[in-house]
Amino acid sequence: MRSAADVLGVRERAVWRWLAAAEQDEAAAAVPGERAPYYGRFAVNDEIRALLGLWKGNVAAVHRELAARAARGEREPPPSLPTLHRAIRRDLTPGERAGLAGGEWAARKHDVFLARPRPWRNQVWETDHMQAPVRVEVDGRARRPWITWFIDCATNAITGVAITPVHPSRESVLAALRSAVLREDAYGPFGGLPEKVRVDRGKDFLSRTVTAAFDLLDVTVEDLPAYTPHLKGTVEGLNRAVESMFLAALPGYARQPRPGKRASRPKDEVLLGFEDFTARLLAWTSWWNTEHRPAPLRGKTPLEAWQDDPTPLRDVPAADLWTFTLEDAGTRTLTTRGVRFKKRDYVGPWMTGQAGIQVRVRFMPHHDHRIEVYHAATGRYLGPADLADQATDEQVSAVRRARAARVRRLKKDLEASQRERYAAATQPEAPQRLGALTAVQAEAELAQASDTDLSDLALPDLIPPAAPPAEWRTPPSLATRTAPSRPAPIPSDPAPIPSDLAPGEPPEPPELPEPPAQTAEDGDAS
């Protein structure tokens with residue numbers, strides 16, 4: 001039979017010592033083996049906490065700092081290093097030690113989080129953007145696409161997803177929202193309007209267009225505090241699951257371990273096209289909803305959990321949903337040139353005979369090639385309007401290449417202008433800037449810079465200002481740039497009033513000089 005000492009993994013006399021301590025003090029029975037507090041025992045104070053935060057949890061560095069302060073006479077000598085280690089382990093919790101060493105994120109790993117009760121379907125959705133760690137070929141360039149999706153918190157079903165080749169926008173959120181709400185054959189049985197959607201303060205989810213769409217659909221938006229991913233754990237878990245269960249096996253995975261000291265991508269690596277990547281991701285989404293059995297569902301698939309839930313669904317017609325998820329641009333007048341929007345004309349075949357009416361323009365964000373037109377008074381849908389005189393694909397590609405070249409050139413110039421070099425120092429000395437110029441080079445660069453300064457192009461000496469009054473103190477640099485022959489009167493001093501005037505009596509007007517006598521020649525000329 002195993003003894004108590006064997007079970008606890010200590011020696012037998014240690015167990016007898018604990019029992020003796022418990023007989024003397026009942027509080028010792030709660031923490032067997034811990035030394036009872038006594039007078040003079042070293043304890044962690046605010047100074048030790050501040051030093052632990054300063055040295056990022058390095059106890060040896062804290063001990064050296066305490067010893068240095070004691071040598072300067074600022075405090076008493078510190079205890080030994082093992083005593084300091086024991087005091088920190090005894091007086092600070094694991095979360096406090098991790099927080100002093102790594103900050104709040106490290107301390108949060110030692111916290112206990114409550115789990116929300118499992119709701120009913122469509123009670124709460126969560127949404128998020130995720131940049132896929134996979135390089136995909138987009139127009140001849142390798143890019144990492146972004147995924148925007150909605151997930152139902154009750155059944156773990158992915159209700160809607162949208163993939164963007166580059167940075168997402170409010171258009172990505174609206175596209176994913178439409179695929180999440182619709183329950184047609186292409187979108188599966190999942191969908192309907194949720195009661196609430198949790199977002200993480202992203203500017204795309206809180207934009208005016210997206211919030212207006214949620215208001216029209218009678219959906220509450222719960223804006224979570226910043227840097228709190230644990231408050232939307234369902235979608236965060238989906239972000240982690242899609243990488244480990246799907247994205248890690250795709251070609252072009254950016255976090256794949258590479259052999260060698262410096263991880264470099266193979267030159268002959270073949271990347272997926274954006275269309276192929278989208279098809280594979282949608283297929284994985286279907287597998288997740290119909291075959292995968294998440295642990296919180298207790299052996300059910302998201303589809304089975306969705307079908308077993310009797311909660312009624314709120315559906316929206318596809319036409320109304322399309323209207324609600326468009327951005328409103330206000331009213332316009334339909335002219336003979338079509339509808340004017342963003343300084344461009346949009347036309348459609350249905351506009352024949354409609355010139356002069358007031359219309360309301362709605363558009364999908366960033367889709368500049370087409371707008372949707374509605375009657376301003378009745379709200380009736382009139383039809384789409386396409387951009388007139390639209391450039392060809394070759395012209396658009398040429399413009400984009402020219403813009404990209406200009407951006408690269410400007411970036412290179414800015415980096416060159418901001419690059420500064422200093423001499424390496426081996427002794428305490430002032431920083432020494434490197435980069436010598438000749439006098440000719442300096443004058444040429446300053447002349448080029450002065451040509452772009454409008455203040456240097458001005459000509460203040462073309463019409464010199466009038467000379468200031470004599471009693472004013474004028475700097476010599478300004479006195480040389482005035483015309484001394486035209487003294488300016490002092491506007492602040494009033495004209496002198498004769499002393500013989502009665503109070504309130506206006507002064508006489510000054511005498512004007514007599515005109516010169518008119519000669520006979522002047523009279524003949526007149």
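How many of the twelve residues of α8 are buried? The structure is a predicted model, in which local features need pLDDT of at least 70, side-chain atom pairs count only at pLDDT 80 or more, and totals for chains, interfaces and linings use all residues. Residues are numbered from 1 along each chain as its sequence is written, and side-chain values use heavy atoms, with hydrogens and water left out.

Helix α8 comprises residues 170-181; helices (H or I, at least four residues) and strands (E, at least two) are DSSP runs, numbered from the N terminus. From its first C-alpha to its last, α8 reaches 16 Å, close to the 16 Å expected at 1.5 Å a residue, where the expected span is 1.5 Å times one less than the number of residues. Ten of its twelve residues are buried, so α8 is largely enclosed by the rest of the structure. Buried denotes under 20% relative accessible area, exposed over 50%, and partly exposed in between (1.4 Å probe, protein chains only). Among the buried residues are Glu171, Arg178 and Val181. Their cover, judged by contact (heavy atoms within 4.5 Å), includes the strands β1 (124-131), β4 (146-152) and β5 (158-164), together with the helices α9 (208-216) and α13 (318-324).

A second site concerns backbone geometry. Most residues other than glycine have a negative phi. Lys342, although not a glycine, has a positive phi of about 55°. This residue is found in the loop between β10 (339-341) and β11 (344-347). Lys343 lies in the loop between β10 and β11 and has a positive phi of about 65°. Lys342 counts as partly exposed because its relative accessibility is 46%, whereas Lys343, at 74%, counts as exposed.
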